[in-house]
There are 2 protein chains.
Amino acid sequence: MRQVRDTTRALSVGIVGFGQIARVQHVPALAATPGLRLAAIANPVPLQGAPDVPVYASLAEMLQHEPELDAVALCTPPQIRYGLARQALDAGRHVLLEKPPAATPAEIADLAAHADRLGLTLFTAWHSLFSAAVDQAREILAARGVSGMRLEWKEDHHKWHPGVDWFWQPGGMGAFDSAINAYSILVAVMPEPVFVRSARMVIPDGAHTPMSAQVEYATPSTLNGGGTGFTSDHAWDQLTGETWTIDWTLRDGAHLVLERGGARLLLDGELLVEAQDEEYPRLYARFDTLLRSGRSDVEIRPLQLVADAFMLASRVPGAAVRS
Amino acid sequence: MRQVRDTTRALSVGIVGFGQIARVQHVPALAATPGLRLAAIANPVPLQGAPDVPVYASLAEMLQHEPELDAVALCTPPQIRYGLARQALDAGRHVLLEKPPAATPAEIADLAAHADRLGLTLFTAWHSLFSAAVDQAREILAARGVSGMRLEWKEDHHKWHPGVDWFWQPGGMGAFDSAINAYSILVAVMPEPVFVRSARMVIPDGAHTPMSAQVEYATPSTLNGGGTGFTSDHAWDQLTGETWTIDWTLRDGAHLVLERGGARLLLDGELLVEAQDEEYPRLYARFDTLLRSGRSDVEIRPLQLVADAFMLASRVPGAAVRS
């Protein structure tokens, strides 16, 4: 068991899986976090233009050659994160899991229990939670109550994940890889639980996961027909910019609208928050705090909503994914 | 809040949803349980040949006219159980949920929290857990360890659910409505967690849920290739009798085989347990104990395995369901 005792030194973090999200978000966010430093990288294929730190072919090699490493950030595809996380925890390292944290809710629950047994920090890094307007949205929803919701999360997968095709394989989640960002906000800000009641998914020819989906939800207090309904609309083939919006109807009839993925908040049209994206720096500041206080932060429910939607969905065929 | 204080009187139970499972299993099991008595029935359509108790058109009517009712057993299709359970709990009644307990794992978790807040008993009645050989299987697996598993759960849906078609609608689960019985045993007897890693489902033309499926699992200790593999094979179109078998490879190479859905247990071919079906009488004895001790018994993981399989599955088309 590795306890962070010397609270003055910078803690060393190794990144596992050096794809786009690691390069574009994790490296600069680590550099912006005074308490943390990037110490090593593990990636199965050689890298060009990587930061000036040791690069290993696997997590196992990194753990073996970097005995002082405090933590690892797992940025691989989610299908293999569970095994890597167990490996890192068993080697006494704290673990940050990129989203989605693992392949299934059951895997996350087991990792949480395992980290707890070992006295190590586990952090499910739902980055959208750290967008600027989330905290204020939560406060307003709690104070004024919610009677309905329209969630729209639409983008172009070619723009945001160029050349990536594992999204269309079983477990890849398709458009829900993006929608789960909305769900991470949703479960954090809603004053009561939200349940999937039905879903409709459009599955491209040859794919196993949806290009688009509509989902209907219930909450305990709207279950018997109260409120204006809770729905979401997801698409990964919207070519004209991004729509990352949640529009809540409050009990008093007002509309609270979270836009730009959580960076902008409006109440009945009045702008309350508008900020630049600072998600990953805030996320790593949180990880630093967790490491130094010996705590974990594990949230399973966003992935649970996705699994529940897949179980309850009707599926219709769609056109093949354009390459 | 309704506390069971007088431990000598028989507690009254109302059955909601008076279909085959209620008639064939719940009514005789209640009659065989000295501490409980059937006090009322709620069913949306009139009944013929029902027991001589008041019959109401809805749970709401039953709750209104039976103020002394202690508990309700929800035997409706699972899609509507969550709302009915909230209604019964909010009216101060204890709740037994037939399997599967609700439409999604998230719904069960919320019901558990709600019953706990209200000080009421919630019982997820996984009947297969009460088959005769389950306890001994658990003891042997714990003592000798598990390195592999082949689970086969195959039957004819026409025989076991004649004329029922909601199984093929979204959320109906198809063959997993039966497989979940195996899962309820599995999570109870396995010495470590079992995770879905991949699944293949055959979806009949016009249906939304599988006629058959194969699933692969991992456990923490076999994740990196150890053991002989954990697999299951489910079918709802097996016309030649039932196969309800779990075959475990123990660490010492022996085979522990649970047959007949949990009523028969063999260790390397030697018969250890062979019993008649006593599932529902034992299940209601457990409910009686829970009610009189003010406790709940809630198990979510069987449905979680199903949801995870649906999320990770590849799907292939199959022939339409024979009517």
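A polar contact is a pair of N or O atoms within 3.5 Å, where, within protein, one atom must be able to donate a hydrogen and the other to accept it, and where residues adjacent in sequence count only if both atoms are side-chain atoms. Between domain 1 and domain 2 of chain A there are two residue pairs in polar contact, both residues being at pLDDT 80 or more. This is a predicted model, in which local features need pLDDT of at least 70 and side-chain atom pairs count only at pLDDT 80 or more, while totals for chains, interfaces and linings use all residues. Residues are numbered from 1 along each chain as its sequence is written, chains are lettered from A and ligands numbered from 1 in the order in which they are written, and side-chain values use heavy atoms, with hydrogens and water left out.

**The two domains of chain A**

- Chain A is divided into domain 1 (11–125) and domain 2 (132–275 + 307–318), with bounds that come from an automatic or database domain assignment.
- The centres of these two domains, taken over C-alpha atoms, are separated by 28 Å, and their contact (heavy atoms within 4.5 Å) takes seven residues from domain 1 and 11 residues from domain 2.
- About 590 Å² is buried between the domains, 57% of it given by carbon and sulfur atoms; buried area is the accessible area (1.4 Å probe) that two parts lose on being put together, summed over both.
- In domain 1 of chain A, the residues that lose the most area to domain 2 are A:Gln79, A:Lys99 and A:Pro100, which together account for 60% of what that side buries.
- One salt bridge is counted between the domains, the term standing for a side-chain nitrogen of Lys or Arg within 4 Å of a carboxyl oxygen of Asp or Glu.
- A:Lys99 forms a salt bridge with A:Asp177, and their closest N and O atoms are 3.6 Å apart.

**The interface of chain A and chain B**

- Contact between the chains involves 31 residues of chain B and 31 residues of chain A, and the two chains bury about 2,700 Å² between them, with 64% of that area on carbon and sulfur atoms.
- Across this interface there are two salt bridges and five residue pairs in polar contact, both residues at pLDDT 80 or more.
- A salt bridge joins the side chains of A:Arg197 and B:Glu107, at 2.3 Å from N to O.

**Two buried residues of chain A**

- A:Glu299 is found in the loop between helix H8 (279–293) and helix H9 (301–312) of chain A; helices (H or I, at least four residues) and strands (E, at least two) are DSSP runs, numbered from the N terminus.
- A:Glu299 counts as buried because its relative accessibility is 18%, and buried means under 20% relative accessible area, exposed over 50% and partly exposed in between (1.4 Å probe, protein chains only).
- Apart from neighbours within four places in sequence, A:Glu299 is in contact with A:Thr124, A:Trp126 and A:Val187.
- A:Val187 lies 112 residues from A:Glu299 along the chain, with 9.1 Å between the C-alpha atoms of the two.
- The side chain of A:Glu299 also makes a polar contact with the side chain of A:Arg301, at 2.8 Å.
- A:Thr245, in strand E11 (residues 243–250) of chain A, is buried because its relative accessible area is 18%.
- Beyond neighbours within four places in sequence, A:Thr245 is in contact with several residues, among them A:Arg150, A:Trp153 and A:Val257.
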